[in-house]
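This briefing is meant to be read alongside the sequence and the coordinates.

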Amino acid sequence: MIDGKKVLFSGMQATGTLTIGNYLGALQNWVKLSDEYECFYSVVDLHSITVRQDPAELRKRARNLLTLYIAAGLDPKKNCIYYQSHVSGHAELSWILNCFTYMGELNRMTQFKDKAAKHADNINAGLFTYPVLMAADILLYQADVVPVGIDQMQHLEITRDIAQRFNGVYGDVFTIPEPYVGKSGAKIMSLQDPAKKMSKSDENPNASVYLMDDPDTIIRKFKRAVTDSMARIAYTDEQPGIKNLLDIYCACTGKTSEEAVKEFDGSGYGDLKLAVGESVVSALKPVQERFAELSKDKAYIDEIIKENADKANYYAMKTLRKVQKKVGFPERIR
Ligand code: TYM
């Protein structure tokens, strides 16, 4: 609790270009929850270097992502929006938690298996202990809630396990976090292969809709979306392509799947694709406009970066000192 409010933590990697999966599955919910909680939103650049990055590119993407958080509607005076690398407590707590995490647990992480397969030439230890750093991110702020897409649920579970294990030894040190997953949009699938998650790193540019795509590109990608030959619009696992389109539509419009199915009753797939594309265009338009404006205001963004790094450090150090004391590190002499 901070000033009587429950704490929320979440983060995103500045790797690749954000997709509507990131927006509808996470960022949009962050904005919805931001009044209710004391929020920490991190640009998790430490996580990004588990895969090789071009330094200049990473720096640029990290800044764009931080700007995008604000453009999406998060007030940086109320929400702590900051770079993970500006708070050394993340790495320090991560080390301590590494000593409370088992190799067997990490071996079971599906994201590790996927990424290891994709980057077979660079299966580094950071990739393996990635979930521990994520646990440190969350536990460092004593977060009560963590809004994420479904793909991060396994990492949330291991975070809870690590926290409970630590608390079991040292008493109630960490708050046990709960995941928050939205009703729609929690798992947006590829437009070219609805069995696969929409991802920043997909090689097929038609598979993902990017947050900065212009309206024509968005509509074109939806028109090419892979569907089926069943010629009916229903929200069912038998029709993953149509289900995905309806899901995107619901996440953009706030409608339920029942309402959407009713609305498109009797329509053809072409009409559905166009309507979904248009709903995405209208959802992204204000974000894109604010992003363009904010990007011009270097001084404002710099000020946010400075202020929020100080704020994040303050809360991070509070937890870190407590943890260091619990595990038996000697106190500093001042
Ligand atoms: P990342 O950067 O891959 O994704 C950021 C957020 O977007 C969600 N997401 C999706 N949601 C719905 N459909 C999709 N196709 C889709 N693709 C991505 C993710 O679930 C996530 O919420 N390890 C994390 C970043 C992280 C983090 C944290 C998150 C680091 N520390 C602590 C929460 C708490 C990641 O790589 O997310």
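How do the residues of the lining of the largest pocket divide into nonpolar, polar and charged? In this predicted model, that lining is made up of 18 nonpolar, 21 polar and 11 charged residues.

**Largest pocket**
- The largest pocket holds about 1500 Å³ of space, and among the 50 residues that line it, those closest to its centre are Gln-111, Lys-115, Asp-151, Gln-152 and Lys-197.
- At least two lining residues of the largest pocket come from each of β1 (7–12), α1 (20–33), α6, α7, β4 (145–147) and α8 (153–170).

**Ligand surroundings**
- The ligand is surrounded by 27 residues, of which Tyr-130, Asp-137, Gly-149, Asp-151 and Ile-188 are the closest.

**Second largest pocket**
- The second largest pocket has a volume of about 340 Å³, and 19 residues line it, with Gly-182, Lys-183, Ser-184, Cys-250 and Lys-255 closest to its centre.
- Both α1 and α10 (240–253) supply at least two residues of this lining, and the largest share, 5 residues, comes from α10.
- By class, the lining of the second largest pocket consists of 7 nonpolar, 8 polar and 4 charged residues.

**Enclosed cavity**
- Across the whole structure, a search finds 1 cavity of 30 Å³ or more, and the largest cavity contains about 50 Å³ of space.
- The elements that give two or more residues to the lining of the largest cavity are α6 (110–118) and α7 (125–140).
- Gln-111, Phe-112, Lys-115, Leu-127, Tyr-130, Pro-131 and His-155 form the lining of the largest cavity, which by class amounts to 4 nonpolar, 2 polar and 1 charged residues.
- Tyr-130 lines the largest cavity and is also one of the residues closest to the ligand, while Gln-111 and Lys-115 line the largest cavity and are among the residues closest to the centre of the largest pocket.

**Strands β2 and β3**
- Strand β2 (residues 38–43) runs parallel to β3 and is joined to it by 4 bridges, with Val-43 standing opposite Tyr-83 in β3.
- Strand β3 (residues 80–83) is covered on both faces, with Cys-80 and Tyr-82 buried on one side and Ile-81 and Tyr-83 buried on the other.

Technical notes: Residues numbered from 1 in each chain as written. Predicted model: local features only at pLDDT ≥ 70, side-chain atom pairs only at ≥ 80, totals over all residues. Heavy atoms only, no water. 1 Å grid on protein atoms, 1.4 Å probe; cavity = no way out; pocket = protein on both sides within 12 Å on 5 of 7 lines; lining within 4 Å. Points joined across faces, edges and corners; volume = space filled by probe spheres on them. Nonpolar A, V, L, I, M, F, W, Y, C, P; charged D, E, K, R; others polar. Buried < 20%, exposed > 50% of the residue type's maximum accessible area, 1.4 Å probe, protein only. Pairing = 2+ DSSP bridges. Near = heavy atom within 4 Å.
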